[in-house]
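Please walk through this model with its charged side chains and its open spaces in mind. The paragraphs below begin with a single pair of residues and then widen the view.

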Amino acid sequence: MPRQQDTRIRAREEFARRLAEHGYLGVSLDDIAKAVDVKKASLYHHFPGGKPELFMEVADHYIEEASALLTGALATPGTVRDKLLALAASYAQGTYNSALSNQIYYATRHLDDDRRSQVSHTYVRGLIQPVTDLMAQAVGTGELRRADPGFLATAFMELAATVQAAPEETAAPQDDDARPPVERLAQDVVDLFLHGAAADRT
């Protein structure tokens with residue numbers, strides 16, 4: 001059982017890595033089998049539904065972990081700025097992988113209707129709606145100016161994704177001392193967002 005579980009985990013992690021880099025159509029079970037050193041038939045033993053089933057396991061696992069991280073950040077006490085700072089900083093912890101998140105969302109167009117509906121519902125409920133609810137609450141209390149909460153949530157999450165460190169092979173060369181700390185990047189992102197979204201004060 002431990003060996004079978006290890007194969008499932010390694011296959012899931014390899015699929016997730018390739019999905020983030022190449023998109024759904026760029027991932028093949030042949031490549032996954034070679035990478036985890038098993039026969040392709042072994043993958044079908046673990047995932048009888050093939051590539052769509054393996055994708056669903058990747059999506060469910062990612063959304064569950066990222067949602068827990070997001071929920072913890074949004075539970076930070078204080079103002080909307082405090083919560084957004086915690087949320088922006090959480091992007092640097094590695095669980096919330098914006099490239100993988102985007103590819104999971106884009107991949108739904110290649111799924112059957114039932115799987116598409118399942119992933120879309122889980123994705124929105126776990127990763128989009130909590131931030132939208134925060135924005136709606138902040139608009140209601142006057143902390144943010146009146147704007148569509150869904151738009152504000154999407155805009156902030158796009159900004160927050162820049163807090164994630166770029167992969168070493170793609171990052172521009174620079175001295176380690178020149179790299180801004182995560183805390184400062186998170187503050188810059190939140191201040192940039194709030195500068196344009198805060199309620200007008202007279």
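With which residue does Arg115 form a salt bridge? The partner is Asp112, and the closest N and O atoms are 2.9 Å apart, where a salt bridge is a side-chain nitrogen of Lys or Arg within 4 Å of a carboxyl oxygen of Asp or Glu. Arg115 is partly exposed at a relative accessible area of 24%, and Asp112 is partly exposed at 37%; buried means under 20% relative accessible area, exposed over 50%, and partly exposed in between, with a 1.4 Å probe and protein chains only.

This is a predicted model, in which local features need pLDDT of at least 70 and side-chain atom pairs count only at pLDDT 80 or more, while totals for chains, interfaces and linings use all residues. Residues are numbered from 1 along each chain as its sequence is written, and side-chain values use heavy atoms, with hydrogens and water left out.

The protein has nine helices and zero strands, these elements being DSSP runs numbered from the N terminus (helices H or I, at least four residues; strands E, at least two). Of its 202 residues, 39% are buried. Among contacts (heavy atoms within 4.5 Å) between residues at least 6 apart in sequence, 68% join residues at least 24 apart.

The structure holds ten salt bridges. Asp6 pairs with Arg10, their closest N and O atoms being 2.9 Å apart; because these residues lie four apart in helix 1 (residues 2–22), about one helical turn separates them. Arg18 and Asp31 also meet in a salt bridge, at 4.0 Å from N to O, and this pair links distant parts of the chain, with Arg18 in helix 1 and Asp31 in helix 2 (residues 29–36), 13 residues apart. Arg18 counts as buried at 18% relative accessibility, whereas Asp31 is partly exposed at 29%.

Turning to open space, the second largest pocket holds about 260 Å³. On a 1 Å grid over the protein atoms alone, a pocket is an open set of points where a 1.4 Å probe fits, with protein on both sides within 12 Å along at least five of seven lines, and lining residues have an atom within 4 Å of a point. Grid points are joined across faces, edges and corners, and the volume is the space filled by probe spheres set on the points. Of the 13 lining residues, Tyr96, Ser101, Asn102, Tyr123 and Glu158 are the closest to the centre of the second largest pocket. Helix 6 gives the largest share of this lining, five residues.
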